[in-house]
Every structure is written in structure tokens, then in C-alpha cells.
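Hi there,

Here is the structure I promised to pass on to you.

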Amino acid sequence: MTQCQPIPNKLGEETFPTSYTLTRSITNIDDEQYKCKDGSLPEVRQQVISGVVAAASSVTSIQVANLLRLFKIPQISFFSTSPELSNKQRFEYFSRTIPSDHYQTLAMAKIVSHLHWTYISIIYEESNYGIKAFEELERLLRERNICVAVKAKLTKDSGVAGAGAYDHIVDKLRAKPKARGVIVFGSDQEVAELMKAVKRKNSTGLFSWIGSDGWSARTLVSEGQEAEVEGTLSIQPQANPVAGFKEYFLSLTVENNKRNPWFVEFWEDHFHCRHPEGLPTPYNTNYTRACTGRERLTDENTQFEAQLQFVSDAVMAFAHAFRDMHQVECGLNHPGLCSQMNPINGEKLLKYLRQVRFTGLSGDKFKFNDRGDGPARYNIIHYKQVLPGHFEWVNVGFFHDDEFQLNMTDVQFQIGHPKPPESECSKPCARGLMKKYVEGESCCWSCHSCGQYEQLDPLDETRCRVCPLGTLPSPDHLLCAPLPEEHIAPDSSFAIVAISFALTGMLFTLAVLVVFLKNIDTPVVRASGRELSFVILGGTLMCYMVTFLLIIRPTLLVCSIQQFSIGLSFSIVYGALLTKTNRIARIFNASNRTAKRPSFISPKSQLTFTFGLTCVQVLINVLWFLADPPQAIYHHPTREDNLIVCKASTDASYMIAFSYPIFLVIICTIYAVLTRKIPEAFNESKFIGFSMYTTCVIWLAFIPIYFSTGSQVELRITSMSGTISLSATVTTICLFIPKLYIIILHPEKNVRQSMMKTTKYQSVRTSQNSHRPPGAANQGNSLDVQWVPQTTSKIGKNLLFSTMNNNQGATTNGQVVVTTENGSELQGGGSVDSLAMANVKPFPPQLASMASIPIAIASSSMGPSQLPAFTQTTPTADEPVSAPKSVISASTQTVNNVVMPLPTLSLTQEVPDVLI
């Protein structure tokens with residue numbers, strides 16, 4: 001019955017093998033007896049189990065924990081490291097003194113990062129221990145951008161998997177030669193078979209291993225495969241020797257350790273002999289030598305488990321928990337168990353268990369973390385060839401919680417080669433190069449340059465993105481550097497030409513203005529229409545000033561003024577010209593229909609009309625501002641350009657400003673054509689027409705240039721500036737150069753007489769029937785002809801021709817016929833009595849330019865009579881014109897009923913200055 005005997009300990013509890021403990025727990029709860037295989041009963045007292053220290057394997061611990069949680073029995077494992085056991089929703093009564101594999105995998109990931117490996121393989125045991133560790137390890141490596149080339153499973157039972165399975169794993173590793181780093185997470189038996197396969201496949205030295213605690217420092221793995229294991233870096237929970245255990249264990253024999261039923265099996269296996277008290281087992285049947293009893297355990301023939309500390313800490317944790325619970329529940333001086341602890345409440349015991357703090361037999365301080373795991377303390381050990389042919393496991397670093405240290409000076413993967421091997425599929429791309437991954441591979445790539453105007457995406461190294469407009473990539477294509485701001489510089493060739501032209505035009509315009517101001521009351525200036533002339537000169541100056549607005553650096557204010565003034569300046573010039581041409585056309589059109597003076601031809605009316613035309617442009621500008629507010633923007637005709645311009649200059653928006661002035665130009669041109677045949681004295685219409693024709697040609701050339709230079713803003717602005725200045729120059733030259741010629745070079749012509757032209761008339765015939773009183777004799781007669789202008793008339797002037805003789809009271813009836821040199825006749829007539837006035841309507845426009853009229857009058861009557869009066873329908877200027885009287889006398893001779901020709905007489909008439 002010895003195999004069923006309990007093992008007493010100092011806590012008053014009993015220790016059994018794990019399988020027996022499970023059965024015993026259920027037996028106690030069911031209050032049944034346990035029977036041994038031979039039918040006998042074990043010599044134990046019926047006691048309820050308060051806690052379990054088990055098991056070494058994670059798989060076994062999971063099974064035990066699932067059962068114990070049903071009965072609220074706390075459990076402490078000393079070797080089970082699966083991360084799954086940290087889940088307290090499933091295993092709330094499970095604790096362990098060894099840290100979880102979560103920390104072991106974290107330490108492995110840190111080692112891989114420290115070695116700068118980016119392409120590795122993972123081989124893991126096909127068990128809960130290996131699978132859970134692999135899942136955790138894969139996540140940690142992914143976070144560090146470390147790629148896994150090969151993932152392979154080790155069959156848990158090495159006896160089931162044949163050599164071919166391990167050879168296949170080695171072949172998979174050899175298929176990825178760039179992945180030289182390999183993490184092996186498994187147990188010693190499976191890893192030993194893997195190393196044998198490496199040796200069989202002649203792959204020694206091709207791989208560098210990182211091992212888990214399941215096979216590190218195990219003789220089973222390295223014995224006979226030293227060269228294959230060489231260079232391994234392994235993780236091992238930190239455990240210090242338990243004080244006194246070595247001496248105690250070496251003193252044990254079969255005779256003095258009867259309480260342990262399995263010690264005989266250990267003794268037989270350790271000394272390869274058959275002990276008389278040993279039962280037959282599958283292992284001792286091959287031993288033929290009998291144990292003598294003189295065998296002893298020594299340092300030379302005994303290798304101690306390095307992690308006995310965790311077993312010791314598990315027992316000490318229960319001891320401290322029972323003590324703390326007893327002090328609280330029973331009091332400090334109460335001997336034995338009190339009613340509160342009989343039986344022991346598992347929930348309360350678990351609470352005390354998780355709160356223990358103590359210094360263990362190894363000298364290390366111990367406490368459980370919030371997941372019930374022991375402190376995360378690991379040693380990093382390294383299997384190296386310290387001397388040729390002599391291999392040892394040496395300590396090269398540690399991992400305590402999150403503190404990591406690896407002494408690379410002590411690391412040697414192969415003798416004579418201290419530098420760690422490279423384990424990467426592809427070299428890191430140079431700065432600014434894009435990665436293009438190999439299909440099917442997440443860790444292998446080729447490097448490619450970004451495009452000329454692209455930068456490497458800072459968030460995705462597998463693609464390049466185009467730099468925003470106004471920037472260019474840096475030489476390494478990592479940044480998009482902003483381009484320097486550009487605009488039309490005042491010292492550029494374009495600007496110098498445009499500014500020079502504008503300044504010249506402004507100086508010339510100012511000179512014209514000064515000349516006109518100095519000669520403001522002279523006939524030439526007055527005949528020019530002073531008010532509209534000054535308006536045209538002002539608009540011309542604005543046109544020249546637009547050039548400066550186009551050249552200076554654009555801002556919101558500059559663009560606003562520029563956008564407003566371009567159309568406004570043209571509207572002022574062409575609005576005034578349209579007013580002038582319209583006035584002339586109306587005057588001469590009205591003269592053919594009526595003697596009345598046309599309306600709205602005074603200077604005030606002309607200024608009002610010009611202001612109204614200009615207001616249309618103002619309204620257009622206001623609507624344009626509201627629909628599309630001006631802005632100073634950055635424009636990029638090419639990727640290398642970063643021009644700051646007004647938004648309107650980048651498209652056809654300026655044509656909105658030009659559309660109305662173009663309309664005015666077209667109307668002015670039409671009027672110029674219509675008035676081209678007026679008398680020579682009114683030749684300003686001809687100059688206006690020439691100005692409009694030239695302007696049309698300029699604008700017809702400009703419009704296609706404007707639309708074809710959309711990508712060349714500098715050229716567009718310069719051509720627009722030149723067009724504006726050239727149009728203003730043409731207007732100034734055509735309208736004002738002829739007047740400046742007279743004012744400056746021929747001031748003698750700047751008088752009224754010089755404004756007059758001469759037309760010759762052959763004769764004025766008067767045929768009449770006169771009744772001479774009886775007895776009157778025929779005699780010579782003196783005829784006085786007078787021109788009496790009605791200077792106060794606002795409508796027109798009457799030209800009055802009067803004849804005076806010695807016969808008073810006589811009446812004259814007849815008709816006056818004026819014949820010009822080309823044979824055309826101007827007639828007026830009717831019944832003419834003494835002092836009567838006859839009007840010729842309409843008054844011939846040819847007479848308006850007459851300076852001298854030769855006439856011959858024949859009369860058969862000596863009585864006073866008035867020749868018919870000719871009414872001049874051409875309007876005068878606003879102010880009355882005081883034309884001097886011209887008295888012309890001649891002699892006539894009358895023969896009975898015979899008309900006698902008289903000498904030619906001259907009539908002097910002054911032409912109104914407003915028509916010149």
C-alpha cells in the first residue's frame with residue numbers, strides 16, 4: 001500500500017501525485033472511501049482538501065483548474081506557463097509562481113529586435129503550451145514589423161512523429177535561406193529530434209536559434225548535437241538555488257526516504273540497477289545488476305533542476321496564506337483551527353493567497369501580480385563554445401518585468417564569429433525609396449524611386465504621393481518643400497518695357513493737359529469741347545496707371561483696385577468719345593429735318609451722358625465682385641512655378657471688364673463711319689474715326705493673345721498692360737496731336753477767322769413786279785445789305801438781308817434765288833412786303849461754312865424792301881456768340897421792267913466755334 005500512502009508535510013496537509021489528488025478531491029466531497037488496486041484502503045484520515053500544488057504541465061493544469069474551480073479549491077502551479085491560464089474568468093482559482101509565457105514571448109521579441117532581425121521563422125509545439133505562445137509571439141513580432149518566413153509545428157509526442165516529419169521542417173527552413181533566425185517554442189524531447197534532423201540534413205551552422213524555457217539548458221537537446229545547438233539564445237525563468245535542498249537531497253537513500261513511494265524508481269533509473277523493494281516497471285526490466293545499497297548521490301552524478309525555487313515558492317505561498325487567514329479569522333493566540341476555518345472557505349483562502357508577500361527560501365522576494373502569476377523574472381542564457389570542443393550555457397542578460405538587458409560582448413554565435421548573423425529578406429530601402437513587396441511575401445521587397453514630383457508617403461512606405469502644387473520634393477523625396485513665391489518683378493524685361501511705355505504715355509498726357517490748361521480760352525481748345533477733352537485725358541491717365549497695378553505684387557487690395565479700374569478707365573475714355581461722336585451725328589442729322597436745335601448738346605448734358613455710360617461699367621464691376629470676389633492666389637502654370645497672381649488673370653475673367661469697353665468702341669466706330677462725310681471744318685470726327693479703327697485692330701490682335709497665354713501669366717499680364725497703354729496712346733495721339741500742332745507750332749491760326757472756310761456763290765436773282773408811282777423817273781440807287789445776327793437766340797441765328805433806297809413805301813414781291821458755283825440753287829421766297837422777313841427752311845448746311853457770299857441784286861422798285869431772311873439752323877455753343885455786323889453796300893440800276901445785273905457783293909459770316 002505504499003504507493004497510496006500520503007506524504008505528510010509541515011503544513012499538516014498531504015501531498016499526492018496529481019492523478020491521485022484529483023480522485024481524492026472528488027472522494028472527499030462525496031464522502032466515499034478510496035481503494036488501492038489490491039483492494040486495500042489507504043491509511044489516511046478523511047480530510048477535505050483546502051489547496052492543490054500542481055501541475056508541471058500546462059495541459060494538466062488546465063484540466064485540474066477546470067475541476068477545482070467547481071469546488072472553489074485554490075490551485076498553485078510551479079511550471080505551467082501557458083498564457084491561457086491567466087484568464088481569470090475561466091481559471092479564477094488558478095495561480096502560479098512561475099511567470100506566464102506572455103512575458104517569455106515578450107523577452108523573445110525583444111531579443112529579435114535587439115539583434116536587428118526582421119525576417120525569422122517560428123517552430124512551435126503542437127500543444128496548448130506551444131500554440132498559445134505562438135499566437136502571442138506572432139502578435140508581438142507584428143507590432144515590431146518583424147516578418148515570419150516559416151511557421152512549422154512540432155508534434156507533441158516525438159515518438160509519434162517520425163524522422164521524416166522533422167526532416168520536412170528542416171527543408172522548409174532551408175527554402176528560406178535569408179531567414180536565419182529561428183524561434184523554437186517546444187519541449188526538450190521534440191527539440192532534440194529537430195536538432196538531429198538538422199544534423200542529418202547537413203544544415204549545421206545555417207540557423208541561429210532562440211529557445212523557450214521548455215528545452216533551454218537541457219542535456220537531452222544538446223548532448224550529441226552541440227554544434228547544431230551552438231549559438232542558441234534561450235529564455236529561462238530566473239531561479240536561485242533553494243537553501244539546504246542540495247545537501248538534503250544528496251543525503252537521501254532508499255532506506256531513509258520511505259515516505260516517498262516513487263524514490264525507489266528514481267534510484268533504479270539513476271544507478272541503472274534493480275532494487276529489491278522496486279516493483280516492475282517498463283524502465284527497470286532491462287536492468288540486470290542489483291542495487292547494492294552502497295550507492296550514493298553526489299555532485300558528480302546528480303544534476304539538479306534549476307527551477308526548484310518555483311516549487312518552494314508555491315508551498316511557501318500556501319503557508320503564508322494559511323497563517324494570515326488564521327490570524328484574522330481565529331486570532332493571534334488561538335491554537336489550531338477555529339470554527340471559521342473548519343472547513344476552510346476556498347474564496348477566503350484565495351483572497352489571502354493573492355495578497356501574500358514574502359522572501360522565499362531562494363532569497364528572492366515573491367508576490368502574485370493581478371493575474372495570479374509570479375514575478376516576470378528571466379535569465380537570458382547562451383550556448384557557446386567557450387573553448388574549442390567545449391560548450392557551456394552562460395548567462396548573458398536578463399528580463400525583469402519590462403527591464404531588458406543583453407550583453408552582446410558575451411554573445412558568440414559561432415566560435416571566432418562574434419557578430420550576429422543577418423536575418424532579413426531585403427535590406428532596408430534608402431531614404432526616400434518606395435518599397436514594392438514581392439508577391440506572396442510580406443517581408444521581401446524591392447526598392448524604387450518616386451517620380452519627379454512625388455514624395456514618399458510618410459504613412460505608407462509602399463507608395464509615393466504627388467507633392468501639392470507650389471511645392472517640389474526634397475532631394476531625398478521625403479518632404480515636399482514649398483517653392484519660393486514669384487511674381488512679375490519690376491526689374492524684369494517684361495516689366496521694364498511695360499512701365500517705360502506707361503510712364504512715357506503718362507508724361508505725354510500730362511503735357512497735353514498742361515497745354516490745354518494754359519490755352520483754355522483759345523478757339524482751338526474751346527472748339528474741342530473742353531470738358532470732354534479733360535475727361536478723355538483723365539481716363540487716359542487711368543489707363544496708364546493700370547500698368548503699375550498689374551506689375552506690383554498682388555494682394556487682396558491690389559487685385560480689387562486692379563479688377564475695378566481696368567474696365568472703368570476704358571469706359572471713361574470711350575464713353576466720352578461716344579458722347580462726342582453721338583453729338584455730331586445728331587446735329588447734322590437734325591439739320592436735314594428741322595430748324596430746331598437738338599436736345600442735350602450742352603457741355604453739362606455731355607458730361608452727364610458720359611457719367612451715365614461710366615456708371616454702367618461700375619454696375620458691371622459691382623456684380624462681378626459679388627459673384628466672384630477678387631483674390632490674390634498662387635498659380636502654377638508648371639510644377640516648377642509658384643506665381644502669386646490675381647485670380648482673374650488666370651482665366652478669362654478680365655474679359656468681363658473688357659466686354660463693355662469693347663461694346664463702346666464698336667459703337668464709336670459705327671458713329672465714326674456715319675459722320676465721315678461732314679464738312680471739312682468738322683474734321684475731329686475724322687480723327688475720332690481713325691482712333692477707333694486703330695483701337696479695333698489692337699483689340700482684335702489682343703483677344704487671341706489673351707486666350708492663348710493662359711499658361712503664361714507673365715506674358716498675359718504684360719500683353720494686357722501693353723494693349724491698355726497702346727489703346728490710350730492711340731486715342732491721345734489721334735485726338736490731341738492736331739490741336740497741339742496749331743496751338744504750339746501755328747498759334748496764328750488759333751483765331752476765329754482761321755476757323756472759317758470759303759464757298760463761292762455766283763448770283764442771287766430777284767425777280768419781282770413793281771408798281772412805280774406815276775411820274776417817277778428811273779434813276780440809280782444805292783443798296784445797303786446788312787447781316788443782323790440774333791445773338792440772343794438759343795435755337796439759332798437769323799441772317800437778315802435788308803435793302804434800303806429812296807422810295808419809301810414801295811412793295812416788292814418776288815423770289816430770291818441763290819445759285820452756287822456748281823449750279824445748285826438755294827431758294828427762299830414768297831410775298832415780301834416792307835419790313836417783312838422770309839425764312840428759307842431748311843437752311844442749307846453748306847452755308848454754315850461760307851465765309852464770303854458774292855451776290856448781285858436787281859430791283860425795279862426804289863421802295864424800301866427786305867430780302868428774304870435765311871435762317872441758320874446749326875446750333876450755337878452754350879454761351880452766345882457775338883458776331884460782328886457786316887455792312888456791305890452796292891449800287892443797283894433799274895430800267896423799266898428790266899432786271900439789270902449789279903456788281904458782286906460780299907457777305908461775311910462767322911462760323912460758331914463749337915462746330916470747329
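This is a predicted model: local features need pLDDT of at least 70, side-chain atom pairs count only at pLDDT 80 or more; totals for chains, interfaces and linings use all residues.

Residues are numbered from 1 along each chain as its sequence is written, and side-chain values use heavy atoms, with hydrogens and water left out.

First, some background: a disulfide is a covalent bond between the sulfur atoms of two cysteines. Here, a pair of cysteine sulfur atoms counts as a disulfide when they are within 2.5 Å. By this rule the model has seven disulfides, and I will walk you through some of them.

Let's start with C429 and C447, which form a disulfide with their sulfur atoms 1.9 Å apart. The torsion about their S-S bond is about -90°, so this disulfide is left-handed. C429 sits in the loop between β15 (403-406) and β16 (433-437), and C447 in strand β17 (residues 445-449), so the bond ties together parts that are 18 residues apart in sequence. The helices (H or I, at least four residues) and strands (E, at least two) are DSSP runs, numbered from the N terminus.

Are these two cysteines buried or exposed? For these words, buried means under 20% relative accessible area, exposed means over 50%, and partly exposed is in between (1.4 Å probe, protein chains only). C429 has a relative accessible area of 18%, so it is buried. C447 counts as partly exposed because its relative accessibility is 33%.

Next comes the disulfide of C450 and C464, with sulfur atoms 1.9 Å apart. The value about its S-S bond is -70°, and the link is left-handed. C450 lies in the loop between β17 and β18 (454-456), while C464 belongs to strand β19 (residues 464-466), so this pair connects parts 14 residues apart in sequence. Both C450 and C464 are buried.

Another disulfide joins C559 to C646, at 2.0 Å from S to S. The link of C559 and C646 is left-handed too, with -95° about the S-S bond. This pair links distant parts of the chain: C559 is in helix α16 (residues 556-590) and C646 in strand β23 (residues 643-646), 87 residues apart. C559 is buried at a relative accessible area of 1%, and C646 is buried at 5%.

Finally, two further cysteines to look up: C543 counts as buried at 1% relative accessibility, and C734 is buried with a relative accessible area of 8%.

Enjoy exploring!
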